[in-house]
Structures are given as C-alpha cells and as structure tokens.
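Here are a few notes to read beside the model. Have the structure open as you go through them.

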Amino acid sequence: MEINIQQLVSLPLSHIQVIMTSSPEVTSINQEVLVLTTKAMELFGSPFVQYVTSYSFRHGSGKEKEALTSSDLSDTAEESEAFQFIADILPKKILASKYLKMLKEKREEEEEEENDNNDESEVDEAEFYPQKSSLVRTLLD
C-alpha cells in the first residue's frame, strides 16, 4: 500500500519547500525533513497564528473597526514581549514616499558626516604643518 505524502499534511509541501530553500544556507531538502517540518508547522503554526491574531484584535484597533489590520499585528509584535521574536517578519508598513524621504535624509546625514570628517582632517593638517596650511586648504578646495 503506497501512501501519498501530501495526504499526511494539510499545507502544500511545495510552498513549504520554497520557503525553506529561500535561505541561502539550504541547497536541498530531504523529503522526510520536508514532511516533518510541514507537520510541525501545522501543529505549532496554526494555534500560534490564531492566538496572535485574536490577541492583536483584542488589543489593537480591531474592536473599533471590527477588522484586523497589519498595523495591529505589527504593533502586537513590537509592544508585547512575548511576540517580539516575530517583529522582524511583521514590520510596520510605511508608504513608499515616506520611505524614500527617510532614505534621502539618511544619505544627507551621511554626506554631512563625511564633510565634517574632511573638515576635521584639514584642521589636523594645519595644526601639524602650520606653514603649509594655506597650501593644504588650496589643494583640498
């Protein structure tokens, strides 16, 4: 009697395999490991996901809106010590325009720091070589 492996689990094995092989350290996955990991995900994952979503709904804005939002989930992951281990996979969502603005500000800060470092090196040169300070400034400008 041949057993269909997919009948042992309810989650699609191909999806779990894609997730597992997305890690750069993993090159191949044994079929037994795939089935066991999928079964463990079903046993642990389903109750865990239900608990996190109900906790987020009760403690977030879900009650008022009668809906659970991704921000409720990310707030729960950040604020609750018990769920901080999933904060990386449930980040706060931001608009692309806000992200681009943050990225631009970060680049500007880095450029300012670089310019400050260059200014400091000019001062150091002038202190060590007072007779060359005007020459150094001319070359650096």
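1. Phe 85 is exposed, with a relative accessible area of 56%; exposed means over 50%, buried under 20% and partly exposed in between (1.4 Å probe, protein chains only). Please keep in mind that this is a predicted model, where local features need pLDDT of at least 70, side-chain atom pairs count only at pLDDT 80 or more, and totals for chains, interfaces and linings use all residues. Residues are numbered from 1 along each chain as its sequence is written, and side-chain values use heavy atoms, leaving out hydrogens and water.

2. A search of the whole structure finds 6 aromatic pairs (Phe, Tyr or Trp rings, the six-membered one for Trp, with centres within 6.5 Å; planes under 30 degrees apart are stacked, over 60 edge-to-face, the rest tilted). The rings of Phe 48 and Phe 85 have centres 5.7 Å apart and planes at 40 degrees, so this pair is tilted. It links distant parts of the chain, 37 residues apart: Phe 48 sits in helix H2 (residues 31-59), Phe 85 in the loop between helix H4 (70-79) and helix H5 (96-128). Helices here are DSSP runs (H or I, at least four residues), numbered from the N terminus.

3. Tyr 51 and Tyr 55 also form a tilted pair, with 6.2 Å centre to centre and 40 degrees between the planes. These two tyrosines are 4 residues apart in helix H2, so about one helical turn separates them. Tyr 51 is partly exposed, at 43% relative accessible area.
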